[in-house]
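Please read the following points with the sequence and the model side by side.

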Amino acid sequence: MSRGSLSDIHKEIIKEMLSESLTKAAASMAQMLRIRVDPELIHFGEGQLMPLREFDELGRFKVNLMKVAFSGEINGAFYFVINNHEMDLINKVCLPADITTSRSSHTKMMKHDFMSEIENLIANMSIAALSDFLGVQVIGDVPIIRNIKGELVNDYLENENELNKTNFFVKSTLNGTVVNIAPHFLWMIDENFIRITKLNTVA
């Protein structure tokens, strides 16, 4: 096994942590939206996050992309990506009709703030899960939100891989079971995650 690689036991321990974190995130999202949300851990592992076909397929359709960077003994960022159609569905289910039907700049801001509150909660819970799992202090930055074409997301994430010096990634979705939503929740973490995981867990 190379110096940086994780054993199968380490991967199982990490998978347990990720599953628990995503379950808590889905439960919080479900409580805020008043719908059932099931988490799906698609893939995780060492290396950089590879392009996701789903984003290219969106073409010129817009997505809401929120980034929450974190720093400390490990560094990286979380990314919550939801397309505008899914945001509209969430708003129709959760917000009063006078807000969802209005086109004013004020109500538009209210709709984005509602979704951002959910995304920020999920990111903060995941930061806490990382801190608890590794026994280290991790601090989240102020969220950065972009509204971009789906076909540009992979280019953006490729650049973020370099910025974060990604050495470990997570791909997951939070799926509505009645309301047809499946936003992506992505993690990029630097090599310190692997180093500290190996130091702090027995394999």
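1. Ser 7 is placed in the segment that precedes helix H1 (8-33), where helices (H or I, at least four residues) and strands (E, at least two) are DSSP runs, numbered from the N terminus. With a relative accessible area of 17%, Ser 7 is buried, a word that stands for under 20% relative accessible area, while exposed stands for over 50% and partly exposed for what lies in between (1.4 Å probe, protein chains only). The side chain of Ser 7 makes a polar contact with the side chain of His 10, at 3.0 Å; a polar contact is a pair of N or O atoms within 3.5 Å, and within protein one must be able to donate a hydrogen and the other to accept it, with residues adjacent in sequence counting only if both atoms are side-chain atoms.

2. A word on the basis of these remarks: this is a predicted model, in which local features need pLDDT of at least 70 and side-chain atom pairs count only at pLDDT 80 or more, whereas totals for chains, interfaces and linings use all residues. Residues are numbered from 1 along each chain as its sequence is written, and side-chain values use heavy atoms, with hydrogens and water left out.

3. How do H1 and helix H7 (residues 192-200) cross? Their axes come within 11 Å and cross at roughly 110°, the axes being lines fitted to C-alpha atoms, for helices over the stretch in contact, with angles that run from 0 to 180 degrees between N-to-C directions. H1 and H7 are therefore roughly perpendicular to each other, since angles of 65 to 115 degrees count as roughly perpendicular, those under 35 as roughly parallel, those over 145 as roughly antiparallel and the rest as oblique. On the H1 side the contact is made by His 10, Ile 14 and Met 17, and on the H7 side by Phe 193, Thr 197 and Lys 198, contact meaning heavy atoms within 4.5 Å. These residues divide into three nonpolar, two polar and one charged, where Ala, Val, Leu, Ile, Met, Phe, Trp, Tyr, Cys and Pro count as nonpolar, Asp, Glu, Lys and Arg as charged, and the others, Gly among them, as polar.

4. Thr 197, which lies in helix H7, is buried, with a relative accessible area of 1%. Leaving aside its neighbours within four places in sequence, Thr 197 is in contact with Leu 6, His 10, Ile 14, Phe 133 and Leu 134. A polar atom of the Thr 197 side chain also lies 2.6 Å from the backbone oxygen of Phe 193.

5. Thr 201 belongs to the segment after H7 and is buried, at a relative accessible area of 13%. Not counting residues up to four places away in sequence, Thr 201 touches His 10, Ile 13 and Phe 133.

6. Val 136 sits in the loop between helix H5 (105-134) and strand S4 (138-140), and is buried, with a relative accessible area of 9%. Apart from neighbours within four places in sequence, Val 136 is in contact with Glu 73, Ser 131 and Ile 196. Val 136 and Ile 196 are 60 residues apart in sequence and 8.9 Å apart in space, C-alpha to C-alpha.

7. A search of the whole structure finds nine aromatic pairs, in which rings of Phe, Tyr and Trp (its six-membered ring) pair if their centres lie within 6.5 Å, planes under 30 degrees apart counting as stacked, over 60 as edge-to-face and the rest as tilted. The rings of Phe 70 and Phe 78 have centres 4.9 Å apart and planes at 40°, so this pair is tilted. Phe 70 is buried at 2% relative accessible area, and Phe 78 is buried at 1%. Ring pairs link Phe 70, Phe 78, Phe 80, Phe 185 and Trp 187 into a cluster.

8. Two backbone angles deserve a check. Most residues other than glycine have a negative phi. Arg 34, however, has a positive phi near 60°; it is found in the loop between H1 and strand S1 (37-46) and is exposed at 58% relative accessibility. Lys 165 has a positive phi near 50°, lies in the loop between helix H6 (153-164) and strand S6 (168-176), and is exposed at 67%.
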